[in-house]
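I opened a new notebook page for this structure. These are my entries, in the order I looked things up.

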Amino acid sequence: MLARVRSGALMGIDAVVVECEVDMALGLPYFNVVGQAEGAVRESKVRVISALKNTGFELPQKRITVNLAPAELKKEGAAFELPIALGVLVAARQLDEAPLGRLLFGGELSLDGSLRPIKGVLPLAVAARAGGFEGVMVPAANAAEASLVEGLQVLPVTHLREAVDHLTGAVRVTPYVRDGGPARSAPGQGEPDMADVRGQPELKLALELAAAGGHNMLMCGPPGSGKSMLARRLPGILPEMTFTEALEVTKVYSVLGLLEQGHALMRERPFRAPHHTLSDAGLVGGGPMARPGELSLAHHGVLFLDELPEFRKHVLEVLRQPMEEGVIHLARANQHITYPCRVMLVAAMNPCPCGYYNVPGRICTCHQGRVFDYHTRVSGPLMDRIDISMQTRAVEYQELARADAREPTSRYYRERVQAARERQRLRFRDEPGIYCNAQLPSHLLRRHCVMSARAEEMLARAVQNHALSARAHDRLLKLALTRADLEGHSRIEAVDMQLAVDCRMLDRRNYLHGNAQLARTDRQHDPPRALAPSGRASPHEGH
């Protein structure tokens with residue numbers, strides 16, 4: 001007899017409905033699984049037979065063939081074991097097939113018939129609703145995750161016998177009802193606080209601006225000037241995710257099985273800080289099954305790259321297209337997968353390999369040509385995609401020793417950022433897929449970026465004086481718009497544009513020219529100009 005049970009296979013962060021066809025025929029006892037089944041799926045026949053026997057079912061000694069259709073799609077993981085077991089019972093005439101047609105099934109079987117949690121339940125539930133199914137039957141540990149999809153019945157089961165009893169009508173399973181979930185933590189609770197950082201007011205202002213508009217940021221300065229410390233406090237001032245954003249992030253973590261127990265929905269924005277030995281596949285995703293990388297894990301959050309020039313050059317170069325488009329396209333011989341990656345890129349670097357180039361009171365041990373080579377590890381096209389670049393300075397002793405210092409807290413910054421994001425939400429309410437100013441496409445810039453005459457004059461002068469590209473022009477305009485949102489301005493004023501220009505310290509023409517001169521000189525002991533990410537001299541030059 002032929003039986004059909006529906007399940008789902010992951011393709012990227014989405015699930016495709018898979019039909020598990022089970023045929024039981026006369027012949028020597030044999031169990032075969034076909035349909036591009038990966039190792040764990042092929043091994044499922046052993047667990048399915050043992051689980052059925054240990055649950056009390058007697059199977060006839062026949063030839064069993066399981067086909068997972070569509071056959072051209074690779075199947076991996078143990079989620080097919082529950083539907084295969086139910087299909088075997090239908091083929092053996094021990095279960096009616098009719099009730100199975102209304103549900104999608106997924107679950108890993110233990111040898112005693114109990115069900116273990118699986119990865120990718122949220123995409124499976126989304127596929128069930130899109131396919132017109134009434135509900136899903138999943139392990140009880142995954143029920144909260146599946147219940148995030150509205151209008152779908154979720155049947156949590158802990159044992160194969162429990163699933164069979166429900167389908168036969170012997171003992172009905174109570175559908176899972178999602179409650180309010182764990183209490184939402186207070187904004188920034190548990191995160192390092194900005195008040196712990198002494199000094200660096202310009203850097204804190206730039207971080208607030210980056211958080212308010214979702215802008216990319218680079219900090220360049222000597223060791224110990226607070227770059228990493230401030231970057232790790234950025235999640236504490238970011239606004240809460242909307243439910244749509246949280247659902248997108250949760251799907252990525254669900255596919256990789258990274259959801260914490262008892263937390264079905266990702267509520268806090270992710271913060272990823274990979275080591276500089278990261279590979280390109282680890283960054284954008286890949287591998288045999290094309291899994292998401294660090295970029296997708298930081299979706300709607302922060303990707304922090306500390307010691308930016310220490311990353312391999314080809315790894316940094318793969319960032320360029322995803323930073324522009326907000327998605328990653330992975331092409332393989334038999335599949336094309338798209339992962340989301342709308343991230344805030346925050347990077348930190350030293351001014352030179354030793355870290356003390358042109359730092360007052362310290363001696364730089366780097367040859368000037370070596371400093372030039374160090375900076376050219378980060379290409380011009382990548383730097384052009386960074387909205388804010390700041391040169392940090394060492395914190396003075398007086399600032400560290402002040403007993404009465406009262407720095408603004410993360411709560412203060414987060415309230416201002418939240419207010420600015422709310423203005424952006426209202427502005428882009430008719431623009432689907434746009435959540436903040438940094439995501440504003442070029443063709444909508446002039447519609448939403450209204451400037452005063454003085455601000456437009458300053459923008460034109462900045463583009464001409466610093467030889468900015470068209471991309472840099474657009475990013476400068478969006479940065480000024482974010483500053484206007486922070487201050488509650490109805491249009492971009494001159495003060496907003498001036499701050500945006502000051503925060504974007506990228507003068508590519510002067511920067512490359514100045515460094516080329518440094519590379520050609522052999523005068524190691526001459527006082528050099530500071531290699532900030534701009535062509536300007538350091539404020540400490542001549543000390």
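Entry 1: I began with strand β15. I found both of its faces covered: Met-344, Val-346 and Ala-348 on one side, and Leu-345, Ala-347 and Met-349 on the other, are all buried. By buried I mean under 20% relative accessible area; exposed is over 50%, and partly exposed lies in between (1.4 Å probe, protein chains only). Six of the six residues of β15 are buried, so the strand is largely enclosed by the rest of the structure.

**Entry 2: ground rules.** I noted that this is a predicted model, where local features need pLDDT of at least 70, side-chain atom pairs count only at pLDDT 80 or more, and totals for chains, interfaces and linings use all residues. Residues are numbered from 1 along each chain as its sequence is written, and side-chain values use heavy atoms, with hydrogens and water left out. My helices (H or I, at least four residues) and strands (E, at least two) are DSSP runs, numbered from the N terminus.

**Entry 3: the sheet around β15.** Next I looked up the partners. Five strands form an open sheet, in the order β11-β12-β15-β10-β16, with parallel pairing. Two strands pair if DSSP finds at least two bridges between them. β11 (271–272) and β16 (388–391) stand at the edges with a single partner strand each, so one side of each has no neighbour in the sheet.

I then went through the bridges of β15. Strand β10 (residues 217–220) pairs with β15 (residues 344–349) in the parallel sense over four bridges. Met-217 stands opposite Val-346, and Cys-220 has Met-349 as its bridge partner. Strand β12 (residues 302–305) also runs parallel to β15, joined by four bridges. There, Val-302 stands opposite Met-344.

**Entry 4: a helix over the sheet.** Which strands does helix α6 lie across? I found that α6 (residues 201–213) lies across β10, β15 and β16, and runs at about 170° to β16. For such angles, axes are lines fitted to C-alpha atoms, for helices over the stretch in contact, and the angles run from 0 to 180 degrees between N-to-C directions.

α6 also packs on helix α16 (residues 410–427), at an angle of about 35° and with the axes 8 Å apart. The contact (heavy atoms within 4.5 Å) uses Lys-204, Glu-208, Ala-211, Ala-212 and Gly-213 of α6. From α16, I listed Tyr-413, Arg-416, Val-417, Ala-420, Arg-421 and Gln-424. These contact residues divide into five nonpolar, two polar and four charged. In this count Ala, Val, Leu, Ile, Met, Phe, Trp, Tyr, Cys and Pro are nonpolar, Asp, Glu, Lys and Arg are charged, and the others, Gly among them, are polar.

**Entry 5: rings.** I searched the whole structure for aromatic pairs and got two. One of them is Tyr-412 with Tyr-413, an edge-to-face pair at 5.3 Å centre to centre and 70° between the planes. Rings of Phe, Tyr and Trp (its six-membered ring) pair if their centres lie within 6.5 Å; planes under 30 degrees apart count as stacked, over 60 as edge-to-face and the rest as tilted. Are these two tyrosines buried or exposed? Tyr-412 is partly exposed at 42% relative accessibility, whereas Tyr-413 is buried at 7%.

**Entry 6: helix α5.** I checked α5 (residues 160–168) for buried residues and found Leu-160, Ala-163, Val-164, Asp-165, His-166 and Leu-167. They pack against α1 (39–55), α2 (81–91), β5 (103–105), β6 (108–109), β8 (135–139) and β9 (153–157). Just after α5, Gly-169 takes a positive phi of about 90°.

**Entry 7: loops.** Gln-200 is in the loop between α5 and α6. Its phi is near 55°, a positive value in a residue other than glycine, and Gln-200 is buried at 3% relative accessibility. Asn-358, in the loop between β15 and α13 (368–375), also has a positive phi, near 60°.

Pro-70 lies in the loop between β4 (63–69) and α2. A cis peptide bond joins Ala-69 to Pro-70, with omega about 10°.

My last stop was Glu-310, in the loop between β12 and α11 (313–317). Glu-310 is partly exposed, at 34%. Leaving aside neighbours within four places in sequence, Glu-310 touches His-276, Tyr-374 and Arg-377.
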